[in-house]
Amino acid sequence: GLMYEYMNDKMWDTGSHPDTDNKYRYEETVNKNQTYVGDGVKVVSGTATYDNYGRIIKDTRSYAKNDKVVSYETYARQFKGGSHAGVLDPTFIKLREVTLEYSLPAKVSQKLKTSSASLALTAQNVFMWRKEFRFADPDKGVDNLNSPTNRYIGANLKLTF
């Protein structure tokens, strides 16, 4: 399925996405030169005829590689950001919790005047691999500029009397 990552979209829109820091942005903001040519094609001749439902019934158009120079800022805001760029594949693998526990030997428990004792290390949100989501946790099911998932690490001492 697909899921909307609002954080990704807004970062493109504001120019704070790490991928917007490139030679095109530098050239435009520092040197005031527009040098970006987007991927794609342009129509060089021909027309398309559509039926009442908007389906193409005849197409004589021919295309050539895009060579139109545009503002990188405008491109990033309207085409990289905007409604379609925030829709990403939310596939992920997550290791939510790991606990390692060691039961102390009976001699140690006796010295502590307990019937048993154990030490444990525990961690939550240990690892997450995301296919496309880079700035949000798709496990939450929604991204409304939430903070990233926190990682917790702790230790437990369990004494039984």
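**Labels and their rules**

Mentor: The protein chain exposes about 11,600 Å², of which carbon and sulfur atoms supply 54%; such areas come from the Shrake-Rupley method with a 1.4 Å probe, and for residues only the protein chains shown count as cover. This is a predicted model, in which local features need pLDDT of at least 70 and side-chain atom pairs count only at pLDDT 80 or more, while totals for chains, interfaces and linings use all residues. Residues are numbered from 1 along each chain as its sequence is written, and side-chain values use heavy atoms, with hydrogens and water left out.

Trainee: How do you know how many helices and strands the protein chain has?

Mentor: Helices (H or I, at least four residues) and strands (E, at least two) are DSSP runs, numbered from the N terminus, and by that rule the protein chain has five helices and eleven strands.

Trainee: What radius of gyration does the protein chain have, and what would a compact globule of 161 residues have?

Mentor: The radius is taken over C-alpha atoms, and the globule rule is 2.2 Å times the number of residues to the power 0.38. For 161 residues the rule gives a value near 15 Å, but the protein chain has 28 Å. Along its principal axes, the C-alpha trace spans about 90 × 45 × 25 Å.

Trainee: Why is Met7 called buried?

Mentor: Buried means under 20% relative accessible area, exposed means over 50%, and partly exposed lies in between (1.4 Å probe, protein chains only). Met7 has 19% relative accessibility and therefore counts as buried. Met7 lies in helix 1, which covers residues 6-14, and the buried residues of that helix are Met7, Asn8, Asp9, Met11 and Trp12. Over the whole protein chain, 24% of the 161 residues count as buried.

Trainee: Why does Asn125 count as buried, and which residues does Asn125 touch beyond four places away in sequence?

Mentor: Asn125 is at 19% relative accessibility, so the label is buried; its place is in strand 10, residues 116-130. A contact means heavy atoms within 4.5 Å, and, leaving out residues up to four places away in sequence, Asn125 touches Lys94, Leu95, Arg96, Thr149, Asn150 and Arg151. In the protein chain, among contacts between residues at least 6 apart in sequence, 67% join residues at least 24 apart.

Trainee: What is the phi of Lys32, and why is Lys32 called exposed?

Mentor: The phi of Lys32 is near 60°, a positive value in a residue other than glycine. Most residues other than glycine have a negative phi. Lys32 has a relative accessible area of 66%, so the label is exposed, and Lys32 sits in the loop between helix 2 (23-31) and strand 2 (36-37).

Trainee: Where is Lys113, and what makes Lys113 exposed?

Mentor: Lys113 lies in the loop between helix 5 (106-111) and strand 10, and because its relative accessibility is 70%, Lys113 counts as exposed. Although Lys113 is not a glycine, its phi is positive, at about 60°. Gly15, which follows helix 1, has a positive phi as well, near 80°.

Trainee: What makes the pair Arg61 and Asp59 a salt bridge?

Mentor: A salt bridge is a side-chain nitrogen of Lys or Arg within 4 Å of a carboxyl oxygen of Asp or Glu. The closest N and O atoms of Arg61 and Asp59 are 2.9 Å apart, and the pair forms a salt bridge. Arg61 has a relative accessible area of 25% and is therefore partly exposed, and Asp59, at 39%, counts as partly exposed.
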